Amino acid sequence: MKRFNLFAATLIFVAAIAGSVSAQGAGTQANQATTLKIVVINPAMFDSKEGITRYINAMDSLEAEFKPIEAKIQQMVTRYNQLGAELKKIQDQLNTSGGVPIDQKSADAKLVEYQTLEKSIKREQEDAKEKFERRQQQVMGPLLQEIGKAMQDFANQRGYDLILDASKLDNAGLILAYNPVKIDVTKDFITYFNSRPASAATATAPATKP
């Protein structure tokens, strides 16, 4: 719903510009048509194989940085599932006709470990999520700002009146059909950005670790 509202505002903005331009044109050259040059860029392609090099490198760096934490949580999850299977087996033994004897002390210990591990996994996941989001902002924030500035420069140089986010339009179900050859300039922008020198803020990633 939020995406739809944002796009709706964009349409209103475009309509207002078109109306203003048309009115000015009518006052000077009545038979001259004025057309806005609108294109789309798909940010989802920035992390593709042929995407923005620094964007890809930054995301790869984040992934490598948090891989040990991910591995730790995965080990905990594996143990949790293993304990769950063992506890189920014990419960099945108790439910068996005649009752199969079990080691109650061992069963109680497994249950305590299982419950404790469940809480630990949740805590570790929440902590990792918080650290990742903070680190992501440190690494990607300056780069995304630079991409935004480059996009404005790109629009000015190419004479585009408006650049829309193709991925948001598609997710909102607002694109019925379009000619990508004519209006999708994602590849052109990626080439343009990759040719620009990195700013001081994004030349190296922050040294802060999670």
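The bend at a residue is the angle between two axes, one fitted to the seven residues ending there and the other to the seven starting there. With that in hand, welcome to this predicted model. In helix H2, a kink of about 45 degrees lies at lysine 67.

**Helix H2**
- H2 covers residues 53–95, which makes 43 residues.
- From its first C-alpha to its last, H2 reaches 59 Å, close to the 63 Å expected at 1.5 Å a residue.
- The kink at lysine 67 comes shortly before proline 68.

**H2 against H3**
- The axes of H2 and H3 come within 9 Å and cross at roughly 170 degrees.
- Angles over 145 degrees count as roughly antiparallel, so H2 and H3 are roughly antiparallel to each other.
- Sorted by class, the contact of H2 with H3 has 25 nonpolar, 4 polar and 12 charged residues.

**H3 against H6**
- Helix H3 (residues 104–158) and helix H6 (residues 186–194) have axes that come within 10 Å and cross at roughly 115 degrees.
- H3 and H6 are therefore roughly perpendicular to each other.
- Their crossing, that of H3 and H6, is right-handed.
- On the H3 side, the residues that meet H6 include Leu143, Ile147, Met151, Phe154 and Arg158.
- On the H6 side, the partners are Asp188, Phe189, Tyr192 and Phe193.
- By class, the contact of H3 with H6 has 8 nonpolar, 1 polar and 4 charged residues.

Technical notes: Residues numbered from 1 in each chain as written. Predicted model: local features only at pLDDT ≥ 70, side-chain atom pairs only at ≥ 80, totals over all residues. Heavy atoms only, no water. Helix = DSSP H or I, 4+ residues; strand = E, 2+ residues; numbered from the N terminus. Expected span 1.5 Å × (residues − 1). Axes fitted to C-alpha atoms, helices over the stretch in contact; angles between N-to-C directions. Parallel < 35°, antiparallel > 145°, perpendicular 65-115°, else oblique. Left-handed = near helix turned anticlockwise from the far one by under 90°. Contact = heavy atoms within 4.5 Å. Nonpolar A, V, L, I, M, F, W, Y, C, P; charged D, E, K, R; others polar.
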